[in-house]
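Let's take a walk through this model, one piece at a time. Keep the viewer open and follow along.

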Amino acid sequence: MADPFDPDSGVITETRSEKKVQRPRMYRVLLHNDDYTTREFVVEVLKSVFRHTDAEAVRVMLHVHYNGVGVAGVFTREVAETKIAIVERLAKEREYPLRLSMEPEEDDDGDKK
């Protein structure tokens with residue numbers, strides 16, 4: 001029997017090219033300002049659901065407060081949808097009208113990925 005590892009054995013070996021794995025599309029989770037949801041609640045969900053530090057949660061909350069909308073985080077579609085559902089449930093339990101949305105992250109050329 002010919003040795004498949006010996007290049008002079010006459011055995012033809014097949015090589016497989018590796019498939020390139022594409023990175024999943026990423027989505028920004030956006031928080032929208034309203035006149036009823038407290039700043040404390042927004043900071044609480046930014047810390048507990050989105051895992052921000054105290055300082056980062058306050059920074060994001062203030063950005064949302066003054067600009068109307070801000071990014072809570074960037075995740076794969078499934079993770080973004082799950083985090084939105086968790087925050088909406090928490091807000092509903094406390095009777096806050098906090099609204100979240102998600103949008104595809106843009107690539108370096110400014111195009112939606």
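Predicted model: local features only at pLDDT ≥ 70, side-chain atom pairs only at ≥ 80, totals over all residues.

Residues are numbered from 1 along each chain as its sequence is written, and side-chain values use heavy atoms, with hydrogens and water left out.

H32 itself sits in strand β1. Strands here are DSSP runs of E with at least two residues, helices are runs of H or I with at least four, and both are numbered from the N terminus. Two strands count as paired if DSSP finds at least two bridges between them. On the β2 side, L31 has G70 as its bridge partner. Six of the seven residues of β1 are buried, so the strand is largely enclosed by the rest of the structure. Buried means under 20% relative accessible area, exposed means over 50%, and partly exposed is in between, using a 1.4 Å probe and protein chains only.

Back to H32, which counts as buried at 14% relative accessibility. Its side chain makes a polar contact of 2.7 Å with the side chain of S101. A polar contact is a pair of N or O atoms within 3.5 Å; within protein, one must be able to donate a hydrogen and the other to accept it, and residues adjacent in sequence count only if both atoms are side-chain atoms. Leaving aside neighbours within four places in sequence, H32 is in contact (heavy atoms within 4.5 Å) with residues including V64, V69 and L100.

**On to the loop and the rings**

T37 lies in the loop between β1 and α1 and is buried, at 11% relative accessible area. Its side chain reaches the backbone nitrogen of L98 at 3.4 Å. Not counting residues up to four places away in sequence, T37 touches V42, Y96, P97 and L98.

How many aromatic pairs does a search of the whole structure find? There are two. Rings of Phe, Tyr and Trp (its six-membered ring) pair if their centres lie within 6.5 Å; planes under 30 degrees apart count as stacked, over 60 as edge-to-face and the rest as tilted. F41 and Y96 form a tilted pair, 5.0 Å centre to centre with 40° between the planes. F41 is in helix α1 and Y96 in the loop between α3 and β3, so this pair ties together parts that are 55 residues apart in sequence. F41 is buried at 2%, while Y96 is partly exposed at 22%. The rings of F50 and F75 have centres 6.0 Å apart and planes at 35°, so that pair is tilted.

**Finishing with α3**

The buried residues of α3 are A80, K83, I84, V87 and A91. They cover an arc of only 100° around the axis (taken from the directions from the helix axis to the C-beta atoms), which puts them on the same side of α3. On the other side, E78, K92 and E93 are exposed. What covers the buried residues includes β1, α1, β2 and β3.
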